[in-house]
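Hi,

Here is the structure I promised to pass on to you. Have a look at it first, and my notes follow below.

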Amino acid sequence: MDNIDDVSKLVGEYAIENYKKGLNCSESIFEALIRVGAIDVPPESIAMCTGFGGGIGLYGATCGALSVAVMANGVKHGRRDPYAVDAKIRGSEIADKYYRIYNNLISEFIERNGSAVCKEIGAGYDDWNCRERHIHCLKLIGDTAQLAYKYLQISPEEAFKMPYGKNMKGI
């Protein structure tokens with residue numbers, strides 16, 4: 001499968017399929033990215049994703065789908081050996097280069113979903129177990145899997161030059 005759009009669609013479908021089979025949002029997306037070959041990690045690394053579901057252990061904090069999209073992109077775009085960077089620039093280098101892609105990813109996620117917070121995204125549902133919330137999350141998981149894949153297609157050189165969106169540093 002050579003077409004990026006076809007693979008993107010497939011990763012979304014796999015993520016939805018995984019969720020329907022009982023994986024949580026984070027596990028669903030991470031497994032789908034592994035299955036299509038978008039990230040090269042051992043399958044058992046899915047264990048790192050388990051705790052992100054329900055906004056981290058059902059706490060309702062950062063959406064687990066978003067968390068794992070960031071984590072998956074760290075496989076490609078993260079610093080492999082931060083200690084190899086000169087200590088004088090090690091701290092500033094991360095904002096100068098690396099944070100840019102993650103900033104854009106979360107900005108696009110919020111634009112699509114209205115929030116990065118699980119509790120806010122699911123606020124319209126009185127019952128966590130209701131069918132409507134499940135369907136809402138199903139769609140969000142498929143979309144976020146495709147979003148994660150989209151950002152995995154960006155070269156590190158492009159990622160390091162992306163303009164910042166909203167951020168705490170004001171850059």
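At the start of helix H2, a side-chain oxygen of Asn24 comes to within 3.0 Å of the backbone nitrogen of Ser26. Helices here are DSSP runs of H or I with at least four residues, numbered from the N terminus. After H2 comes Gly37, with a positive phi near 80°.

A word on the basis: this is a predicted model, where local features need pLDDT of at least 70 and side-chain atom pairs count only at pLDDT 80 or more, while totals for chains, interfaces and linings use all residues. Residues are numbered from 1 along each chain as its sequence is written, and side-chain values use heavy atoms, with hydrogens and water left out.

H2 is largely enclosed by the rest of the structure, because 10 of its 11 residues are buried (under 20% relative accessible area, 1.4 Å probe, protein chains only). Among them are Cys25, Phe30 and Ile34. The buried residues of H2 pack against H1, H3 (53–56), H4 (64–77) and H7 (131–152), with contact meaning heavy atoms within 4.5 Å.

Where H1 and H2 meet, the H1 residues include Val11, Tyr14 and Tyr19, and those of H2 include Ile29 and Leu33. By class, this contact has 8 nonpolar, 2 polar and 3 charged residues (Ala, Val, Leu, Ile, Met, Phe, Trp, Tyr, Cys and Pro count as nonpolar, Asp, Glu, Lys and Arg as charged, the others, Gly among them, as polar).

Lys20 is found in H1 and is exposed, at 60% relative accessible area (exposed means over 50%).

Best wishes

Conventions
Helix = DSSP H or I, 4+ residues; strand = E, 2+ residues; numbered from the N terminus. Polar contact = N/O pair within 3.5 Å; in protein donor to acceptor, adjacent residues only side chain to side chain.
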